Each structure stands twice: as structure tokens, then as C-alpha cells.
Amino acid sequence: MTIDADFASQDYFRNPAAAIEKLRAKGPVVEVRFPLVGKVWTPTTQALADQVLKDSATFAIRKDDGKIAGVPWWMPLILRTFTNSMLSMDDPDHKRLRDIVDEAFRRRAVLDMEPHIRATGDQLADELFAEGSPADLAARYARKLPLSVICELLGLPLADRPKFIAWGGGFTRFTGTLGLLGLIPNMLAMKRYIERHLETVRRQGGEGLIAEIVRVEKDGGQISRDEIVAMVFLLLIAGHETTTHLISGSVHELLKNPDLRNWLEEDWSRVDLAVEEFLRFLTPVQFTKPRFVRKDVELGGVRLRKGERIMVMLAAANMDPLANSRPELLDLRRKPNHIAFGTGIHFCLGHQLARLEGRCALKSLFQRWPALTLAVDEQDITWRKRPGIRAIDRLPVKPGRESPGADVALDHAAVA
């Protein structure tokens with residue numbers, strides 16, 4: 001029996017644990033109907049989710065003819081262009097592209113970026129109320145920090161940041177076929193922008209990951225021009241969009257739970273553990289890409305047939321009581337067992353960067369504004385109606401009691 005679960009409702013986003021528990025009660029593997037994708041099987045336990053993601057021989061993103069699971073036949077060509085990324089490939093093509101970008105990432109020494117990311121966080125925290133109070137933390141802080149970092153890492157001009165905000169925002173707002181088709185103008189603009197930038201780097205050289213990838217191309221590396229466009233698109237969007245929702249969701253939970261915020265502020269060395277629990281509890285990316293079942297197989301006592309599709313619900317895996325005791329509770333003291341970054345060959349390339357940005361974002365924000373509070377009633381907080389992504393739409397905040405120097409920012413806002 002196919003379950004019609006609404007993974008884009010406000011009730012679901014406000015309390016995913018309750019909906020996931022009902023889903024798990026139906027069995028370890030259930031069939032659900034997902035927007036745009038249609039009927040898919042999904043495991044409700046972490047062990048089975050882990051098994052599916054690691055067994056790429058049985059559960060593959062593409063068929064032998066190249067058809068991609070979850071990409072309908074009517075998908076416009078411009079949208080298909082961006083499916084040439086490693087995220088939509090199986091090995092050996094996935095490994096070929098992953099090795100190229102892994103090497104580029106290693107050369108950029110992500111962990112050495114912490115002082116710079118922290119300085120960027122401090123600056124954005126200082127400017128949070130520069131246009132007055134209340135301020136939308138999601139737009140003015142949670143989005144700007146990872147976007148600034150990924151632009152610098154890629155070697156893209158920060159002056160173009162408003163374009164990326166406009167383009168990226170659309171990817172978490174569409175909810176159905178019409179919304180997907182409505183992305184076409186943005187996708188065309190983004191493709192043209194990336195192609196122009198790549199040509200500039202080919203002619204003049206440059207710094208950052210894009211320049212590293214172009215050097216690989218020039219040295220005869222096995223990557224096509226369409227694949228480079230798709231890779232830059234993936235790095236830019238995935239490199240800031242999901243971390244945006246990790247930051248805004250974490251801040252939201254801390255504002256709802258002053259005791260947790262006090263515990264964290266007592267000793268900021270606890271922030272690493274806290275970020276891991278936020279990753280588990282929030283699971284900003286709720287589902288992986290769908291996969292084809294490549295042969296008849298039994299999974300969790302359910303017979304899956306060749307050609308059917310399966311889609312791992314990361315949120316359900318992270319809410320599995322067999323993996324984490326009392327998973328519905330946000331417990332910053334726990335050492336969580338989570339797969340928020342996936343696992344297997346598609347384990348998130350940017351996991352170190354996301355963790356680093358999460359840590360820096362919380363420290364910069366709450367050390368600057370230790371009494372930050374919600375500026376609206378908790379019930380007025382809403383999430384974007386995009387299934388598969390848990391993204392707070394707006395998070396209005398006010399400074400509360402200010403830290404030393406906060407009056408300067410507020411005085412500036414009054415003058416402005």
C-alpha cells in the first residue's frame with residue numbers, strides 16, 4: 001500500500017519526528033508517493049538506509065541506458081544539463097569526477113580556513129541589525145556566511161553574491177512541476193554566467209576551485225565542458241544552500257531552548273558536539289536522490305523488484321531509536337550517530353566545510369548577541385514548502401540585551 005505522506009507541510013517540518021514515527025510503524029521499508037518523483041520505496045531505519053547507500057551495485061542512480069532515477073522524460077534540456085554532475089552518476093563516472101574535485105579541495109586546505117570563516121562570521125554578526133531591528137537572520141546571516149565562503153573558495157566575485165542568492169533561493173521554493181519549470185530562466189542565466197566565468201579563467205587564469213578544475217581540464221583530465229558547468233553549479237548551490245538551513249535551524253532551536261543555549265555558551269568547546277546533534281536532529285537534506293533497484297532483492301523483509309525505485313529518507317535514519325536513544329529530543333550532550341551527509345560513494349564532499357561553518361556561525365552570532373531572541377511568536381515561524389529540504393523561510397530576530405559594542409551597530413541602523 002502506497003502511503004501519501006505530505007513531506008512539505010508545516011506540520012511535518014515543525015515536528016518531523018512525529019510523522020517519521022508513524023511512517024516507521026508501517027514497517028522497515030514502505031512505499032511513499034513523493035512530489036515530482038512519484039512512487040518510491042524508502043527505508044525507515046538507519047541500518048537499511050546505510051545498506052542502500054553503500055550497495056551501489058544493487059541500488060543505482062542510473063540505468064544502463066543512462067536514464068536517471070527521478071528525472072522525468074519531459075525534463076527540459078537546460079535542467080538536464082545540470083544532471084551531468086557527480087551527484088547524478090554511478091561509478092566509474094562518479095569516481096572520475098569525484099577524484100578531480102577531491103584533489104582540488106585538498107589543495108585548498110579547508111580546515112585552515114577557520115580563522116577566515118570566523119572573521120567573516122564576526123563581520124556579518126556585527127552587521128546583522130545594520131538595517132534595523134528586527135532582522136531576518138535567515139537572509140542576513142545564515143545565507144550570507146556560507147555563500148561568502150563558497151564564493152571565495154570557488155574564486156567567484158563576491159560582488160555577484162546577489163545573483164547567487166536570487167538563483168539559489170529558487171531551488172528551495174519550487175514544490176511541483178510548474179515550480180520546476182519556473183526555474184528555467186534562472187537556470188539559463190546561471191548556465192550562461194558559469195560558462196562566461198569558465199572562459200575567463202581559461203584565458204586569464206585565476207584562483208580557487210574553479211581555476212583548479214580548469215587546470216585539470218587543460219592538463220588532459222577526463223572531464224567534459226558540460227561536466228565542468230554541472231560541477232560548478234553543484235559546488236555553488238550545494239556548497240551554501242544546505243549549510244544555510246543548518247545555521248538557521250540551529251539558531252532557531254537555540255532561541256526556542258534557552259537552557260541549551262546557556263549550556264553551549266558556558267563552554268564553546270562543546271560546539272563541535274552540538275553541531276553534530278543539530279545535523280542529526282535537523283537533517284537539512286531530508287532525502288537523497290532516488291535510485292533504481294537493479295535486481296530483485298529483499299530489503300527489510302520487503303521484496304523489491306528490478307526497475308522499481310528507492311529513495312533514502314535521511315531524516316528517518318537519523319530519527320531511528322535503534323541508532324539514537326530518544327531521537328525526538330534535541331540533546332546537545334549526546335554523541336549522535338547520524339548520516340546527515342549520506343554515506344557510501346556519494347558521502348557529502350563538503351562535510352568538513354559545513355561543520356566548520358556551523359561552528360563558526362554559532363560562535364560569532366551568540367558571542368556578539370548573547371541575548372538574541374525571536375522577534376515573532378514561535379508559531380509564526382514557517383518553512384519553505386519544498387519536500388526534501390528543511391528550510392526555514394524567515395527567522396526574524398531582535399538583539400535583546402546587547403553585548404559591548406552592540407550599541408554602535410544599532411546607532412548606525414538608526415542613522416541609516
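Biologist: Which residues are buried in α8?

Modeller: This is a predicted model, and in it the buried residues of α8 are K144, L145, P146, L147, S148, V149, I150, C151, L153 and L154. That makes α8, which covers residues 144-154, a mostly covered helix, with 10 of its 11 residues buried.

Biologist: Let me step back to the whole chain; how many helices and strands does the chain have?

Modeller: The chain has 18 helices and 11 strands. Its radius of gyration is 21 Å, close to the 22 Å that the globule rule gives for 416 residues, so the chain is as compact as a globular protein of that length. The C-alpha trace spans about 65 × 55 × 40 Å along its principal axes.

Biologist: What percentage of the residues count as buried, and what share of the accessible surface belongs to carbon and sulfur atoms?

Modeller: Of the 416 residues, 57% count as buried. The accessible surface comes to about 17900 Å², and carbon and sulfur atoms hold 51% of that area. As for contacts, if one takes those with a separation of 6 or more, residues 24 or more positions apart account for 73% of them.

Biologist: How many positive and negative side chains are there?

Modeller: There are 59 positive and 55 negative side chains, and the centres of these two sets lie 4 Å apart.

Biologist: Now the sheets: in what order do the strands of the open sheet with β5 run?

Modeller: That open sheet is formed by 3 strands in the order β5-β11-β10, with antiparallel pairing. Its edge strands are β5 (135-136) and β10 (373-374), each of which pairs on one side only. Between β5 and β11, the latter covering residues 396-398, there are 2 bridges in the antiparallel sense.

Biologist: Which residue is the bridge partner of A135 in β11?

Modeller: The bridge partner of A135 is V397. In general, strands of a sheet pair through backbone hydrogen bonds, in either a parallel or an antiparallel way.

Biologist: How many bridges join β2 to β3?

Modeller: Strand β2 (residues 29-34) is joined to strand β3 (residues 38-43) by 6 bridges, and the two run antiparallel. Within that pair, V29 stands opposite P43 of β3. The hairpin has 3 residues between the strands, and L36 takes a positive phi near 70° there.

Biologist: Where is P28 found, and what does P28 touch?

Modeller: P28 is found in the loop between α2 (16-25) and β2. Leaving aside residues up to four places away in sequence, P28 touches T42, P43, T44, T45, L48 and G300. P43, one of those contacts, is also the residue that V29 stands opposite in β3.

Biologist: Why does P28 count as partly exposed?

Modeller: P28 has a relative accessible area of 33%, and partly exposed applies because the value falls between the 20% limit for buried and the 50% limit for exposed. P28 and E276 are 248 residues apart in sequence, while in space they are 25 Å apart, C-alpha to C-alpha.

Biologist: Last one, S85: buried or exposed?

Modeller: S85 counts as buried, because its relative accessibility is 4%, and the cut-off for buried is under 20%. S85 is found in the loop between α4 (77-81) and α5 (93-108), and, not counting residues up to four places away in sequence, S85 touches L97, A230 and L234.

How values were computed. Residues are numbered from 1 along each chain as its sequence is written. This is a predicted model: local features need pLDDT of at least 70, side-chain atom pairs count only at pLDDT 80 or more; totals for chains, interfaces and linings use all residues. Side-chain values use heavy atoms; hydrogens and water are left out. Two strands pair if DSSP finds at least two bridges between them. Helices (H or I, at least four residues) and strands (E, at least two) are DSSP runs, numbered from the N terminus. Buried means under 20% relative accessible area, exposed over 50%, partly exposed in between (1.4 Å probe, protein chains only). The radius of gyration is taken over C-alpha atoms; the globule rule is 2.2 Å times the number of residues to the power 0.38. Contact means heavy atoms within 4.5 Å. Accessible areas come from the Shrake-Rupley method with a 1.4 Å probe; for residues, only the protein chains shown count as cover. Lys and Arg count as positive and Asp and Glu as negative; His and the chain ends are not counted. The place of a charge is taken as NZ of Lys, CZ of Arg, CG of Asp or CD of Glu.
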